[in-house]
Amino acid sequence: MVVNLQQKFPMTEAGRQQLKKELTYLKTVKRNEVDERIKRARSFCDFAEDSEYDAALAELAAVKKRMAIIEQMIQQATMIETNNEKSDTVKLGSTVTFIELPDGERETYTIVGVAEADSLAGKISNHSPLAKHLLHRRVGDEVRIDTPSGIMDVKIIEIN
C-alpha cells in the first residue's frame, strides 16, 4: 500500500483500535522475533551466501514498512460515526442489506474505509465497486453494479 502523506483514512473507532493493537504487536513481538532471527543468522553465517540472513533482513524491512503505514493511518484517521439507528441513505459506516435480483440471495455488508476493509468479515472498502454503487442510495433502490466478476443487479432492503 502506498501512503499519500495528505491522504485521510476514514475508519471506525473499532478499526482504529485494531490498528493500534496490530502496531503494538509489530513493535513489541514481531520486531523482536525478527531481530532474534537476524542475531542467530549473524552468529553462524557467511553474509555473502546466507539466505536465512537475507530473509530475516527482508522481513525486518517489511515489518518496519507496515509499522510506518499503520502509524500514518492512525495519524491521518478521520473517524466514522457509527450508531445502531436506521439511516435513510447508505453512507460510510452503514451496514446495508440487499437482495440480488432476480434470485433473491440476501447479502449484508458494512461500508468502511480502506484501513479496516475485510471482505471475509463483511466489511467492504468505500473504494470498492460495490460500495461506490451503494453509497447515497435508499431502501427500495434497485442498483446495477459493474463488478470485476460481471454485472450484478440488487435491491436495497435495509440500511443500519
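Which residues have the most contacts inside the largest nonpolar core? The points below answer this and then turn to the helices, the strands and the aromatic pair.

1. Basis of the note. The model is predicted, so local features need pLDDT of at least 70 and side-chain atom pairs count only at pLDDT 80 or more, while totals for chains, interfaces and linings use all residues. Residues are numbered from 1 along each chain as its sequence is written, and side-chain values use heavy atoms, with hydrogens and water left out.

2. Largest core. M11, L19, I38, I70 and M73 have the most contacts inside the largest nonpolar core, which has 18 residues. A nonpolar core is here a set of buried Ala, Val, Leu, Ile, Met, Phe, Trp, Tyr and Cys residues joined through side-chain atoms within 4.5 Å; buried means under 20% relative accessible area, exposed over 50% and partly exposed in between, with a 1.4 Å probe and protein chains only. Two or more residues come from each of β1 (9–11), α1 (13–43) and α2 (51–75), and α2 gives the most, with nine residues. Helices (H or I, at least four residues) and strands (E, at least two) are DSSP runs, numbered from the N terminus.

3. Helix α1. The 31 residues of α1 reach 44 Å from the first C-alpha to the last, close to the 45 Å expected at 1.5 Å a residue; the expected span is 1.5 Å times one less than the number of residues. A kink of about 40 degrees is centred on L26, the bend at a residue being the angle between axes fitted to the seven residues ending there and the seven starting there. The buried residues of α1 are G15, L19, L23, L26, V34, I38 and A41, and their cover includes β1 and α2. Leaving aside residues up to four places away in sequence, I38 touches Y53, A56, L57 and L60, where contact means heavy atoms within 4.5 Å.

4. Strand pairing. β3 (residues 95–101) and β4 (residues 106–112) pair in the antiparallel sense over five bridges; two strands pair if DSSP finds at least two bridges between them. V96 has Y109 of β4 as its bridge partner. Their hairpin has four residues between the strands, and G104 takes a positive phi near 85 degrees there. With β5, by contrast, β4 pairs in the parallel sense over three bridges, and I124 in β5 is the bridge partner of I111.

5. Aromatic pair. One aromatic pair is found in a search of the whole structure. The ring centres of F98 and Y109 are 6.0 Å apart and the planes stand at 25 degrees, so the pair is stacked. Rings of Phe, Tyr and Trp (its six-membered ring) pair if their centres lie within 6.5 Å, with planes under 30 degrees apart counted as stacked, over 60 as edge-to-face and the rest as tilted. Because F98 lies in β3 and Y109 in β4, the pair ties together parts that are eleven residues apart in sequence. F98 is buried, at a relative accessible area of 0%, and Y109 is buried at 19%.

6. A131 and N126. A131 lies in helix α3 (residues 129–134) and counts as buried because its relative accessibility is 0%. N126, in the loop between β5 (123–125) and α3, counts as buried at 14%. Beyond four places in sequence, the contacts of N126 include P10, L92, I111 and A131.
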